[in-house]
Amino acid sequence: EVARLGQDLDLARRQQFAVGSQRSWQARGVVRAVLPELNVVVLTHEDLAGYMGSMTMGFRVHDPKLYEGLDIGDTVRFTLTGAPPNVEITALAKEAP
């Protein structure tokens with residue numbers, strides 16, 4: 001329990017320094033939903049180093065053309081850009097099966 005709390009504290013400290021500064025992260029994820037009415041793609045993604053651990057969440061998408069042709073279950077590579085917590089997907093591509 002103490003080790004886990006130490007890891008959580010370390011992650012929180014790294015996230016604190018990320019707030020307010022423009023950054024980019026690249027990661028893989030699996031499409032769980034595409035919500036064009038909100039301009040959001042929901043992904044189960046791997047760790048975004050220095051920002052957040054792996055989880056399932058929705059991200060705003062810079063250009064709606066990025067999610068055209070995506071299907072639930074597609075594995076993708078994406079780039080998340082912005083100043084946390086104001087980030088958005090700026091690149092998104094399907095990976096070959």
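Buried here means under 20% relative accessible area, with exposed being over 50% and partly exposed in between, using a 1.4 Å probe and protein chains only. Before I go on, this is a predicted model, where local features need pLDDT of at least 70, side-chain atom pairs count only at pLDDT 80 or more, and totals for chains, interfaces and linings use all residues. Residues are numbered from 1 along each chain as its sequence is written, and side-chain values use heavy atoms, leaving out hydrogens and water.

So where does Phe-78 sit? It lies in strand β4. Strands (E, at least two residues) and helices (H or I, at least four) are DSSP runs, numbered from the N terminus. The protein chain has one helix and five strands, and reading along the sequence you get α-β-β-β-β-β.

Now, what does Phe-78 touch? Skipping neighbours within four places in sequence, its contacts include Trp-25, Leu-43, His-45, Ile-89 and Leu-92. By contact I mean heavy atoms within 4.5 Å. For the chain as a whole, 53% of the contacts with a separation of 6 or more are between residues 24 or more positions apart.

On to the rings. You describe a pair of aromatic rings by the distance of the centres and the angle of the planes. Rings of Phe, Tyr and Trp (its six-membered ring) pair if their centres lie within 6.5 Å; planes under 30 degrees apart are stacked, over 60 edge-to-face, and the rest tilted. How many aromatic pairs does the structure hold? Two.

Trp-25 and Tyr-51 make a stacked pair, because their ring centres are 4.7 Å apart and their planes are at 25 degrees. That pair links distant parts of the chain, 26 residues apart: Trp-25 is in strand β1 (residues 23-35), and Tyr-51 is in the loop between β2 (40-45) and β3 (55-61). Trp-25 is buried, at 4% relative accessible area, and Tyr-51 is buried too, at 10%.

Then there's our Phe-78 again, which forms a tilted pair with Phe-59, 6.0 Å centre to centre and 35 degrees between the planes. This one also links distant parts of the chain, with Phe-59 in strand β3 and Phe-78 in strand β4 (residues 75-83), 19 residues apart. Phe-59 is buried, with a relative accessible area of 2%.
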